[in-house]
Amino acid sequence: MTEISEYPQGTPCWLDLWTPNRQASMDFYAGVFGWEYQVGPPEQHHYTTAVLKGRTVAGLISPPGGGDNPMVWVTYLAVDDLDAALATIAEQGGQSLTGAIDVPGGIRITLAMDPTGGMFGAWQSPDHSGAQLANEPGTLIWSELMTPDPATARTFYAAVFGLGISAPMSEDFDYTTIQVDGRDVGGIGKADNGMPASWGTYFSVASTDESAAAVRAAGGSVLSEPVDTPYGRM
């Protein structure tokens, strides 16, 4: 079991699913990943924590407005000082959408937009905590921003979070990793076909083919069939 006790600044540390139908999403991911749930009180909009093997792995919420909100996974990057991050976000051409928000456990967060239009979260925790389990089946294994302007995005995230940026994969593939202390923690690449900037989430699974079948059985859709890549079967 890959338990994680702390996340250095710049590391993707938490995920929220914004969904207009929280119960349907809970049922779906329970079927695909085996998640169980802890449901919060009404004053917290029934914010729901997904749990696997007794460890927290993600959150689900139906924001006020219901069906008016898009269904999206939100990636949070760890920060040591949220106020300093908010100042740098503005200096680098980004925009905080919420300002600083205090949440239970002494955690402070903001939701923000980078200069290329990608929405992300910044997460300050007194003990550098986040998801308690990662990099194993049913949990986060990779986060990446695909954007029409990767050069601007790299400059922005490097400035806000102190991230290192790798060399591009190749001349024909404009994709770089983002690095914390020399360790790859995510990626930034060029979006194809005029797609807007967005952070994407990859979950580890024991079998990609069996998981694709589980997605269908739970009422979801497989948008691309399983395929072998140099980094694993996706």
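The structure is a predicted model, in which local features need pLDDT of at least 70, side-chain atom pairs count only at pLDDT 80 or more, and totals for chains, interfaces and linings use all residues. Residues are numbered from 1 along each chain as its sequence is written, and side-chain values use heavy atoms, with hydrogens and water left out.

**Helix 4**
- Helix 4 spans residues 208-217, and its residues T208, S211, A212 and V215 are buried (under 20% relative accessible area; exposed is over 50% and partly exposed in between, with a 1.4 Å probe and protein chains only).
- Helices (H or I, at least four residues) and strands (E, at least two) are DSSP runs numbered from the N terminus.
- Seen down the axis, the buried residues of helix 4 fall within an arc of 105°, so they line one face of the helix; the arc is that of the directions from the helix axis to the C-beta atoms.
- E210 and A217, on the other side of helix 4, are exposed.
- The cover over the buried residues includes helix 1 (22-33) and strand 16 (232-233), where contact means heavy atoms within 4.5 Å.

**Residue T56**
- T56 lies in strand 4 (residues 55-61).
- T56 counts as buried because its relative accessibility is 17%.
- Leaving aside residues up to four places away in sequence, T56 touches W14, T49, A50, V51, G130, A131, Q132 and L133.

**Residue M234**
- M234 is placed in the segment after strand 16.
- With 44% relative accessibility, M234 counts as partly exposed.
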